[in-house]
Amino acid sequence: PGEKILELGCGWGAMLKRIHEHTGAKANLYGITLSKERARYNNQHHGFQVDFDNFITRDYPREEYDAIYSIGAWEHVRRTEIPQLLEKLYGALKPGGRLVQHFFGPLGGGMIAGVAASQIYFPGSMGAPLLYHRNFPAAAGFRIEHCSLHDYRPTLRAWYDNLNAHRDRALELVDVKTFNRYMTFFPASWRYFEDGSGAVMRWVLRKP
């Protein structure tokens, strides 16, 4: 409670709601989204201060936040944008502040199939390999406090099974093409992680 927290790519505000439930503080919770609808929804229904903006190109105030985090948004930061963005976020954090990143990406290079599939489901996104991410936090001034890899397969399997179990209801909401798109995406993604091509990465960086 009392910490000023910013989420990069906050979606519909699920994680901001979770933080609010644990801290009881809403005035210090901020978000950024590229969706006008989500910005409007958060501001109207949750009361969070959410801006419609691009967190990559955005200018940040100096030493404003105690913590900045992203969940499933760092995948959309291009390799050439990572160093500059880390420098901006470092400047936006107060001394002792944390930057927490939770995202998936390749464990190595040269995965043509993975790159091709990503353009089908996430056009314009091309995740940087794990070793590439290791190079820049220290250069921006951060201290790496935590780095771990996690298994995304159980999540993908649960989503696939639930969607398949509610097929009739899903087809009342969307057309067959959209339904088939997700029924293809989940097993294709599962195979990506099953083959060891990628993993969910979690980083905790601290500004000294």
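**Entry 1: ring cluster**

Rings of Phe, Tyr and Trp pair if their centres lie within 6.5 Å. With that cut-off in hand, I went through this predicted model. Ring pairs link F104, Y152, W159, Y182, F185, F186, Y192 and F193 into a cluster. I then asked how many aromatic pairs the structure holds. The count is eleven.

I looked at one pair of the cluster in detail. Y152 and F193 are arranged edge-to-face. Their centres are 5.5 Å apart, and their planes stand at 65°. Y152 sits in the loop between β6 and α7 (153-165), while F193 belongs to helix α9. The two residues are 41 residues apart, so I noted this pair as a link between distant parts of the chain. Is F193 buried or exposed? F193 is buried, because its relative accessible area is 10% and the cut-off for buried is under 20%.

**Entry 2: Y90 and its neighbours**

I moved on to another of the aromatic pairs. Y90 and F142 form an edge-to-face pair, 5.1 Å from centre to centre. The angle between their planes is 85°. Which parts of the chain does this pair tie together? Y90 lies in helix α3 (residues 82-92). F142 lies in the loop between α6 (137-140) and β6. The pair therefore ties together parts that are 52 residues apart in sequence.

I checked the accessibility of both residues. Y90 is partly exposed at 22% relative accessibility. F142 is buried at 5%.

Y90 has a charged neighbour too. K207 lies over the face of Y90, 4.8 Å from the ring centre.

β6 pairs with β7 (residues 198-206) in the antiparallel sense, over seven bridges. I picked out I144, and its bridge partner in β7 is L205.

**Entry 3: helices across the sheet**

I looked for helices lying across these strands.

**Entry 4: salt bridges**

I turned to charged side chains. The whole structure holds 14 salt bridges.

R98 forms a salt bridge with E3, and the closest N and O atoms are 3.1 Å apart. R98 is in strand β5, and E3 is in the segment before β1 (5-8). The pair thus ties together parts that are 95 residues apart in sequence. Both residues are partly exposed: R98 has a relative accessible area of 23%, and E3 has 32%.

Then I went to R58. What does R58 bridge to? One partner is D51, with the closest N and O atoms 2.8 Å apart. Another is D53, with the closest N and O atoms 2.9 Å apart. D51, D53 and R58 are linked in a network of salt bridges.

I compared the three with the accessibility cut-offs. R58 is buried, with a relative accessible area of 15%. D51 is partly exposed at 35%. D53 is partly exposed at 29%.

R58 also has an aromatic neighbour. Its charged end sits over the ring of Y60, 5.9 Å from the centre of that ring.

**Entry 5: a positive phi**

Last, I checked a backbone angle. Most residues other than glycine have a negative phi. E63 is not a glycine, yet it has a positive phi of about 50°. Where does E63 lie? E63 is in the loop between β3 and β4 (65-71). I also noted its accessibility: E63 is partly exposed, with a relative accessible area of 41%.

How values were computed:
Residues numbered from 1 in each chain as written. Predicted model: local features only at pLDDT ≥ 70, side-chain atom pairs only at ≥ 80, totals over all residues. Heavy atoms only, no water. Pairing = 2+ DSSP bridges. Helix = DSSP H or I, 4+ residues; strand = E, 2+ residues; numbered from the N terminus. Buried < 20%, exposed > 50% of the residue type's maximum accessible area, 1.4 Å probe, protein only. Phe/Tyr/Trp six-rings, centres within 6.5 Å; stacked < 30°, edge-to-face > 60°. Lys NZ or Arg CZ within 6 Å of the ring centre and 35° of its normal. Salt bridge = Lys/Arg side-chain N within 4 Å of Asp/Glu carboxyl O.
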